[in-house]
Amino acid sequence: PFEFAIEHDVAWDAPHDLRLPHQMSHGCSLSYAVRMLTRSLEPPRYVLFHVAKTDALFLREDVAQRLLGSAEAPDEFECYQSNLIEAHGVGATRLRRWFLGG
(Lines give C-alpha, C1' and ligand atoms only; values in the text may rest on other atoms or scores of the structure.)
Protein backbone atom coordinates (compact mmCIF):
# COMPACT_ATOMS: atom_id res chain seq x y z
CA PRO A 1 0.00 0.00 0.00
CA PHE A 2 1.01 3.59 -0.59
CA GLU A 3 1.87 5.25 2.71
CA PHE A 4 2.85 8.84 3.38
CA ALA A 5 3.17 11.25 6.27
CA ILE A 6 4.09 14.91 5.99
CA GLU A 7 6.52 16.17 8.58
CA HIS A 8 6.32 19.57 10.24
CA ASP A 9 7.66 22.60 8.37
CA VAL A 10 8.30 26.02 9.95
CA ALA A 11 6.14 27.59 7.20
CA TRP A 12 3.11 26.03 8.94
CA ASP A 13 3.68 28.27 11.95
CA ALA A 14 2.84 31.39 9.91
CA PRO A 15 -0.81 32.41 9.55
CA HIS A 16 -2.44 31.20 6.34
CA ASP A 17 -3.66 33.70 3.78
CA LEU A 18 -7.23 32.50 3.28
CA ARG A 19 -7.48 34.41 -0.03
CA LEU A 20 -5.05 31.95 -1.62
CA PRO A 21 -6.64 29.02 -3.47
CA HIS A 22 -4.24 26.41 -2.03
CA GLN A 23 -3.07 26.04 1.54
CA MET A 24 -0.19 24.02 2.94
CA SER A 25 -0.96 20.32 2.83
CA HIS A 26 -0.95 18.23 5.97
CA GLY A 27 -1.82 14.78 7.20
CA CYS A 28 -0.98 11.22 6.30
CA SER A 29 -2.38 8.32 4.33
CA LEU A 30 -4.93 5.96 5.83
CA SER A 31 -2.43 3.09 5.48
CA TYR A 32 0.19 5.04 7.44
CA ALA A 33 -2.27 5.88 10.23
CA VAL A 34 -3.45 2.27 10.47
CA ARG A 35 0.10 0.93 10.65
CA MET A 36 1.19 3.48 13.25
CA LEU A 37 -1.86 3.09 15.49
CA THR A 38 -2.35 -0.67 15.23
CA ARG A 39 1.18 -2.06 14.97
CA SER A 40 3.89 0.50 15.70
CA LEU A 41 2.77 2.18 18.92
CA GLU A 42 3.26 0.77 22.36
CA PRO A 43 -0.01 -0.41 23.98
CA PRO A 44 -2.69 0.74 24.20
CA ARG A 45 -3.12 0.30 20.47
CA TYR A 46 -6.01 1.45 18.32
CA VAL A 47 -8.13 -0.15 15.60
CA LEU A 48 -9.78 1.52 12.64
CA PHE A 49 -13.47 2.02 13.31
CA HIS A 50 -14.83 4.31 10.59
CA VAL A 51 -13.75 6.38 7.59
CA ALA A 52 -15.74 9.44 6.48
CA LYS A 53 -14.44 11.56 3.60
CA THR A 54 -10.96 12.63 4.77
CA ASP A 55 -11.29 11.62 8.41
CA ALA A 56 -10.69 8.29 10.11
CA LEU A 57 -11.95 7.32 13.55
CA PHE A 58 -9.95 4.88 15.66
CA LEU A 59 -10.98 3.13 18.87
CA ARG A 60 -8.66 1.89 21.59
CA GLU A 61 -8.47 -1.93 21.37
CA ASP A 62 -10.10 -2.51 24.74
CA VAL A 63 -12.94 -0.10 23.93
CA ALA A 64 -13.51 -1.77 20.55
CA GLN A 65 -13.61 -5.17 22.26
CA ARG A 66 -16.22 -4.00 24.77
CA LEU A 67 -18.39 -1.99 22.36
CA LEU A 68 -18.14 -4.12 19.24
CA GLY A 69 -17.31 -7.54 20.67
CA SER A 70 -14.04 -7.64 18.76
CA ALA A 71 -10.82 -5.69 18.49
CA GLU A 72 -10.35 -6.94 14.91
CA ALA A 73 -9.88 -4.00 12.56
CA PRO A 74 -11.77 -3.80 9.26
CA ASP A 75 -9.78 -3.85 6.03
CA GLU A 76 -8.56 -0.29 5.41
CA PHE A 77 -8.81 -0.70 1.63
CA GLU A 78 -12.47 -1.74 1.84
CA CYS A 79 -13.18 1.24 4.09
CA TYR A 80 -11.47 3.59 1.66
CA GLN A 81 -13.15 2.13 -1.42
CA SER A 82 -16.62 2.34 0.14
CA ASN A 83 -16.06 5.96 1.15
CA LEU A 84 -17.77 8.85 -0.66
CA ILE A 85 -15.55 10.75 -3.09
CA GLU A 86 -15.57 14.51 -2.73
CA ALA A 87 -13.58 16.62 -5.14
CA HIS A 88 -13.67 20.32 -5.93
CA GLY A 89 -12.43 21.68 -9.23
CA VAL A 90 -11.79 18.23 -10.75
CA GLY A 91 -13.79 17.06 -13.74
CA ALA A 92 -15.59 13.71 -13.75
CA THR A 93 -13.38 12.32 -16.54
CA ARG A 94 -10.17 13.09 -14.64
CA LEU A 95 -11.65 11.73 -11.40
CA ARG A 96 -12.55 8.43 -13.11
CA ARG A 97 -9.04 8.21 -14.57
CA TRP A 98 -7.46 8.75 -11.13
CA PHE A 99 -9.60 6.15 -9.39
CA LEU A 100 -10.15 3.60 -12.12
CA GLY A 101 -6.94 4.03 -14.13
CA GLY A 102 -8.79 4.55 -17.42
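Which side chain makes a polar contact with the side chain of Ser 31? Glu 76 does, at 2.7 Å. A polar contact here is a pair of N or O atoms within 3.5 Å; within protein, one must be able to donate a hydrogen and the other to accept it, and residues adjacent in sequence count only if both atoms are side-chain atoms.

Before going on, a word on what you're looking at. This is a predicted model, where local features need pLDDT of at least 70 and side-chain atom pairs count only at pLDDT 80 or more, while totals for chains, interfaces and linings use all residues. Residues are numbered from 1 along each chain as its sequence is written, and side-chain values use heavy atoms, with hydrogens and water left out.

Now for the overall layout. The protein has four helices and two strands, and from the N terminus on they run α-β-β-α-α-α. Helices (H or I, at least four residues) and strands (E, at least two) are DSSP runs, numbered from the N terminus. Of the 102 residues, 16% are buried, with buried meaning under 20% relative accessible area, exposed over 50%, and partly exposed in between (1.4 Å probe, protein chains only).

Let's start with helix H1, which covers residues 30-40. Ser 31 lies in this helix, and it counts as buried because its relative accessibility is 8%. The side chain of Thr 38 reaches the backbone oxygen of Val 34 at 2.5 Å. Leaving aside neighbours within four places in sequence, Thr 38 is in contact (heavy atoms within 4.5 Å) with Arg 45, Tyr 46 and Val 47.

Val 47 brings us to the strands. Its bridge partner in E2 is Leu 59. E1 (residues 46-52) and E2 (residues 55-60) pair in the antiparallel sense over six bridges; two strands pair if DSSP finds at least two bridges between them. Two residues stand between the strands of this hairpin, where Lys 53 takes a positive phi near 55°.

Next comes helix H2, residues 61-68, where you'll find Leu 68. Leu 68 has 49% relative accessibility, so it counts as partly exposed. Together with Phe 49, Leu 57 and Leu 67, Leu 68 makes a nonpolar surface patch of about 400 Å². Accessible areas come from the Shrake-Rupley method with a 1.4 Å probe, and for residues only the protein chains shown count as cover.

Technical notes. Patches are made of residues with over 30% relative accessible area and no salt bridge: like charges are joined within 9 Å, nonpolar side chains (Val, Leu, Ile, Met, Phe, Trp, Tyr) within 5 Å. A salt bridge is a side-chain nitrogen of Lys or Arg within 4 Å of a carboxyl oxygen of Asp or Glu.
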